[in-house]
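Here is a friendly note to read alongside the model. Have the view open and follow the points in order.

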Amino acid sequence: QVAKWPVNPLDHIITWLKKKPSSLIVADMGCGEARLAASVSQKVHSFDLVAANTTVTACDMAHVPLSKQSVDIVVYCLALMGTNLKDFLREARRILRKSGTLKIAEVKSRIENLASFTHAISSFGFRLVKQDDSNKMFVIMEFTKQAGEVAPEDLVLKPCLYKRR
């Protein structure tokens, strides 16, 4: 369905990442065919539930095979599909280095209330840095990992409803 959108949120993330130092290490969670890794100069660890090709590591995104504080950026581009969203965000926090970046692109129709959603993500130990909801289909959010204790709140997304277009 994304192929029919005027703009793919992954293209936004690729453009953003190309402006970042090539020394950064990225975890692409729910990477699909690993197009992010093929498009940027940074080292990208590509994870998905099923390996679409040999560059993708098949795993549950709540338990990726990376060490604590081993990446600079975690990306969830249209990938918050599991029922264990809390575990996904805990894992992002675990693998992110101090002051690392969490980049999320999500379909607007899945988010009941954007302010509540970003507040819930912040409760996992992240600070909202930037939010772009100018596209009619999706929103892109950028968070920074914060030091200190976390008190996660409930995090709920509506199911994806695919429509014939």
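1. Let us start with strand E7 (138-145). E7 is mostly covered, with eight of its eight residues buried; buried means under 20% relative accessible area, exposed over 50%, and partly exposed in between, with a 1.4 Å probe and protein chains only.

2. A word on the basis of what you see. This is a predicted model, in which local features need pLDDT of at least 70 and side-chain atom pairs count only at pLDDT 80 or more, while totals for chains, interfaces and linings use all residues. Residues are numbered from 1 along each chain as its sequence is written, and side-chain values use heavy atoms, with hydrogens and water left out.

3. Now the overall layout. The chain has four helices and seven strands, where helices (H or I, at least four residues) and strands (E, at least two) are DSSP runs numbered from the N terminus. Along the sequence they follow the pattern α-β-α-β-β-β-α-β-α-β-β. Of the 165 residues, 47% count as buried.

4. Which strands pair with E7? Strand E5 (96-107) is joined to E7 by seven bridges and runs antiparallel to it, with Thr 101 opposite Thr 144. Strand E6 (126-132) also pairs with E7 in the antiparallel sense, over six bridges, and here Phe 126 stands opposite Lys 145. Two strands pair if DSSP finds at least two bridges between them. E6 and E7 form a hairpin with five residues between them.

5. E5 deserves a look of its own. Nine of its twelve residues are buried, so E5 is largely enclosed by the rest of the structure. Six bridges join E5 to E4, and these two strands run parallel; Val 75 stands opposite Lys 103 in E5. With H3, the two strands make a right-handed β-α-β unit. Right-handed means that, with the strands pointing away from the viewer, the path from the first strand over the helix to the second runs clockwise.

6. Next, helix H3 (85-95). Its buried residues are Leu 85, Phe 88, Leu 89, Glu 91, Ala 92, Arg 93 and Ile 95. The buried residues of H3 pack against E1, E4, E5, H4, E6 and E7. Arg 93 has a relative accessible area of 16% and is therefore buried. Leaving aside neighbours within four places in sequence, Arg 93 is in contact (heavy atoms within 4.5 Å) with residues including Phe 124, Phe 126, Lys 145 and Val 150.

7. Where do the nonpolar residues gather? The largest nonpolar core has 29 residues, and those with the most contacts inside it are Met 29, Val 74, Tyr 76, Leu 102 and Ile 104. Such a core is a set of buried Ala, Val, Leu, Ile, Met, Phe, Trp, Tyr and Cys residues joined through side-chain atoms within 4.5 Å. E1, E4, H3, E5, H4 and E7 each give two or more residues to this core, and its largest share, five residues, comes from H3. Apart from it lies another core, of 19 residues, among them Leu 17, Val 40, Leu 78 and Val 107.

8. Cys 31 is buried, with a relative accessible area of 8%, and Cys 77 is buried at 12%.

9. Finally, please look at Asp 60, in the loop between strand E3 (56-58) and E4. At 32% relative accessibility, Asp 60 counts as partly exposed. Leaving aside its neighbours within four places in sequence, Asp 60 is in contact with Leu 49, Asn 84 and Phe 88. Its C-alpha atom is separated by 9.3 Å from that of Gly 82, 22 residues apart along the chain.
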